[in-house]
Amino acid sequence: MAADAGRNRLRPDLRTLLFALGLVWTLPNSLVGLLAGTVGIAFGARARLRRDERALVFHAWPWGPGGAITFGNVILHTGDDLDISCLTYAHRAGHCEEPAIRLGDHERAHVYQYMALGPLFLPLYLLCGGISVRNRFERAADRYALTGRGWWPWA
């Protein structure tokens with residue numbers, strides 16, 4: 001997978017500490033996702049801890065146009081598996097021709113963004129354009145899914 005290329009650059013103990021701090025920092029966002037995912041269970045959603053995505057994933061989440069949305073360390077996914085191919089935002093908008101990416105890699109980039117920005121993520125994401133090819137967060141998540149590097153939106 002392309003998005004695995006940049007892993008393991010930090011010492012394991014430092015990586016674990018940063019992960020724990022990120023979990024705490026983005027906890028308010030994760031609670032929003034947890035609440036939405038829990039409501040979805042009553043309508044057929046299934047929860048699964050995905051260590052590779054660093055998140056609790058609610059599959060078969062019953063609302064939305066399709067795809068996935070991330071809140072902290074929680075991913076709400078309308079499908080059955082994040083191991084599916086999808087097009088980048090730029091490709092869908094006709095800006096360029098890019099290979100398909102793995103949806104799980106794209107969403108993992110958002111998990112990292114949330115863990116770095118915590119409660120600042122959602123306001124910054126919305127200020128940058130929301131769900132759109134113009135949004136630097138979406139472009140960074142696509143870049144990460146394509147190359148395994150560059151999840152930070154201000155690269």
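These are my notebook entries from a look through this predicted model.

**Entry 1: the surface near the start**

I began with the nonpolar surface and found a patch of about 430 Å², made by Leu 10, Leu 14, Leu 17, Leu 18 and Leu 21. Leu 10 sits in the segment before helix H1, which spans 12-25. I checked the exposure of Leu 10 and got a relative accessible area of 40%, so this residue is partly exposed. I also jotted down a reminder that residues three or four places apart in an α-helix point the same way, because there are 3.6 residues a turn.

**Entry 2: the cores**

Next I asked myself which residues make up the largest nonpolar core. I listed eleven: Ala 45, Phe 58, Trp 61, Phe 71, Val 74, Leu 76, Tyr 114, Leu 117, Phe 121, Tyr 125 and Phe 137. Strand E4 (74-77), helix H4 (103-117) and helix H5 (121-127) each give this core at least two residues. I then found a second, separate core of seven residues, with Ala 55, Ile 75, Leu 103 and Met 115 among them. Going back to Phe 121, I looked up its contacts beyond four places in sequence: His 110, Gln 113, Tyr 114 and Phe 137.

**Entry 3: helix H4**

I counted 15 residues and a reach of 21 Å from the first C-alpha to the last, close to the 21 Å expected at 1.5 Å a residue. Is H4 mostly buried or exposed? Of its 15 residues, 14 are buried, so the helix is largely enclosed by the rest of the structure. Just after H4, I noted Gly 118 with a positive phi of about 55°.

**Entry 4: Glu 107**

I stayed in helix H4 for Glu 107. Its relative accessibility is 3%, so I logged this glutamate as buried. What does Glu 107 touch, leaving out residues up to four places away in sequence? I found Ala 68, Ile 69, Thr 70 and Ile 75. I also took the C-alpha separation between Glu 107 and Phe 71, which comes to 9.8 Å for residues 36 apart along the chain.

**Entry 5: positive phi without glycine**

Last, I looked at backbone angles. Arg 54 has a positive phi of about 60° although it is not a glycine. I placed Arg 54 in the loop between strand E1 (46-50) and strand E2 (55-59), and its relative accessible area of 24% makes it partly exposed. Ala 60, also not a glycine, has a positive phi of about 60°. Ala 60 belongs to the loop between E2 and strand E3 (68-71). With a relative accessible area of 19%, Ala 60 falls under the 20% cut-off, so I wrote Ala 60 down as buried.

Note on methods: Residues are numbered from 1 along each chain as its sequence is written. This is a predicted model: local features need pLDDT of at least 70, side-chain atom pairs count only at pLDDT 80 or more; totals for chains, interfaces and linings use all residues. Side-chain values use heavy atoms; hydrogens and water are left out. Patches are made of residues with over 30% relative accessible area and no salt bridge: like charges are joined within 9 Å, nonpolar side chains (Val, Leu, Ile, Met, Phe, Trp, Tyr) within 5 Å. Accessible areas come from the Shrake-Rupley method with a 1.4 Å probe; for residues, only the protein chains shown count as cover. A salt bridge is a side-chain nitrogen of Lys or Arg within 4 Å of a carboxyl oxygen of Asp or Glu. Helices (H or I, at least four residues) and strands (E, at least two) are DSSP runs, numbered from the N terminus. Buried means under 20% relative accessible area, exposed over 50%, partly exposed in between (1.4 Å probe, protein chains only). A nonpolar core is a set of buried Ala, Val, Leu, Ile, Met, Phe, Trp, Tyr and Cys residues joined through side-chain atoms within 4.5 Å. Contact means heavy atoms within 4.5 Å. The expected span of a helix is 1.5 Å times one less than its number of residues.
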